Amino acid sequence: MRLVTFSDGEGARIGLHDAESNTIVDVTAGSRLPKDMAGFVALGKNGLPRARRALKTGENRLPMDRVKLLAPFPRPTKNILCVGKNYHDHAREFHASGFDASAGKDAIPEVPILFTKWPNSVIGPGESIPSANDYTNSTDYEGELTVVIGTGGRNISEKDAYDAVYGYTIVNDVTARTLQNRHKQWFLGKSLDGYCPMGPCVVTADEIEDVTQLRLLTKVNGEVRQDAYVSQLIFDIPTLIATLSKVMTLEPGDLIATGTCAGVGIGFDPPRFLKPGDTVSVTIEPIGTLENPVA
């Protein structure tokens with residue numbers, strides 16, 4: 001199912017996107033179900049029968065032109081955990097760029113590089129990336145498949161990791177490269193207001209037979225910049241979940257952005273940073289396309 005957070009002027013709530021009719025079915029109308037995505041995810045399988053019934057009956061159906069899609073987890077959001085240099089080709093291009101503050105002897109990391117993004121960085125589909133917030137004029141894009149944690153916990157083993165996954169969404173890990181490099185720790189360069197576009201929906205894990213076969217495609221102004229498969233990750237999803245849960249309790253609705261592939265702006269010579277008037281789209285089917293203009 002394609003779960004969305006939407007608003008029609010009467011507050012944010014949870015809906016299902018019916019691709020066949022291109023409508024939104026309000027699954028929380030007239031019910032006691034949580035109206036926020038994190039709360040809905042925390043219900044696990046218990047919230048899905050209501051959603052399936054609503055989709056089948058078509059009750060509380062809204063046309064797309066009457067709603068606004070929001071980030072699946074709007075501000076204030078859940079934890080946004082991120083992985084750096086997690087595709088071989090991107091690790092090499094970033095290592096060669098001179099902007100890699102974590103650079104050591106080798107381009108390929110021996111263990112996952114982990115960081116977070118500030119909750120206020122989250123924006124939804126169609127919202128503008130405010131590049132003026134980057135006073136260094138080095139704003140870059142990073143399309144990423146993002147895991148939505150369902151069953152949380154600690155010490156989740158790799159063999160049980162997929163049981164902890166509720167579904168998947170898309171994050172564009174927009175980055176101010178100069179700040180990322182200057183401050184060594186990546187947090188500041190990754191956490192500018194509006195630098196975490198997210199969406200357009202959460203696709204539940206049961207809809208995806210093999211997540212490693214998903215294709216990530218990023219375009220800037222219609223030009224393909226990134227094109228890779230999730231199978232090319234250096235550290236796969238079970239490894240990431242196991243690594244994180246060894247030291248922290250993962251909770252329902254927590255997000256793990258799994259890393260970006262080659263083709264980011266810093267990888268070009270000269271770099272091709274984003275500028276006002278650009279449009280960035282990240283597509284991962286069956287999740288859809290996350291598109292944002294640059295302001």
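Colleague: How do the residues lining the largest pocket divide into nonpolar, polar and charged?

Modeller: The lining of the largest pocket has nine nonpolar, four polar and four charged residues. Here Ala, Val, Leu, Ile, Met, Phe, Trp, Tyr, Cys and Pro count as nonpolar, Asp, Glu, Lys and Arg as charged, and the others, Gly among them, as polar. This is a predicted model, in which local features need pLDDT of at least 70 and side-chain atom pairs pLDDT 80 or more, whereas totals for chains, interfaces and linings use all residues. Residues are numbered from 1 along each chain, and side-chain values use heavy atoms, without hydrogens or water.

Colleague: How much space lies in the largest pocket?

Modeller: The largest pocket holds about 330 Å³. A pocket is an open set of points on a 1 Å grid where a 1.4 Å probe fits, with protein on both sides within 12 Å along at least five of seven lines; a cavity is a set from which the probe cannot get out, and lining residues have an atom within 4 Å of a point.

Colleague: Which residues are closest to the centre of the largest pocket?

Modeller: Of its 17 lining residues, Gly-44, Lys-45, Asp-163, Val-165 and Tyr-166 are the closest to the centre. At least two lining residues come from each of α1 (37-42), α2 (48-57) and β11. Such elements are DSSP runs, with helices (H or I) of at least four residues and strands (E) of at least two.

Colleague: And which residues lie nearest the centre of the second largest pocket?

Modeller: Those are Asp-36, Met-37, Phe-73, Pro-74 and Pro-76, out of 14 lining residues. The second largest pocket holds about 160 Å³.

Colleague: Changing topic, how many cavities of 30 Å³ or more does the count come to?

Modeller: The count is one. The largest cavity has a volume of about 60 Å³. Its lining has 13 residues, and Gly-84, Lys-85, His-90, Glu-142 and Trp-186 lie nearest the centre. Two or more lining residues come from each of β6, α3 (88-97) and α4 (177-182). The lining divides into four nonpolar, four polar and five charged residues.

Colleague: Which residues touch the most other members of the largest nonpolar core?

Modeller: In that core of 41 residues, they are Leu-145, Tyr-168, Ile-241, Ile-256 and Ile-287. A nonpolar core joins buried Ala, Val, Leu, Ile, Met, Phe, Trp, Tyr and Cys residues through side-chain atoms within 4.5 Å.

Colleague: Which element gives the most to this core?

Modeller: That is α6, with four residues. Leaving aside residues up to four places away in sequence, Ile-241 touches Ile-149, Ile-156, Ala-161, Val-165, Leu-250 and Ile-256. Another core, of 33 residues, lies apart and includes Leu-48, Ile-113, Val-148 and Val-171.

Colleague: Why is α6 described as largely enclosed?

Modeller: Eight of the nine residues of α6 are buried, so the rest of the structure largely encloses this helix. Buried means under 20% relative accessible area, exposed over 50%, and partly exposed in between (1.4 Å probe, protein chains only). Among the buried residues are Ile-237, Leu-240, Ile-241 and Leu-244. The cover over the buried residues includes β6, β7 (113-116), β10, β11 and β16 (255-257), where contact means heavy atoms within 4.5 Å.

Colleague: Is Cys-201 buried or exposed?

Modeller: Cys-201 is buried, with a relative accessible area of 1%. Cys-261 is also buried, at 2% relative accessibility.

Conventions. Points joined across faces, edges and corners; volume = space filled by probe spheres on them.
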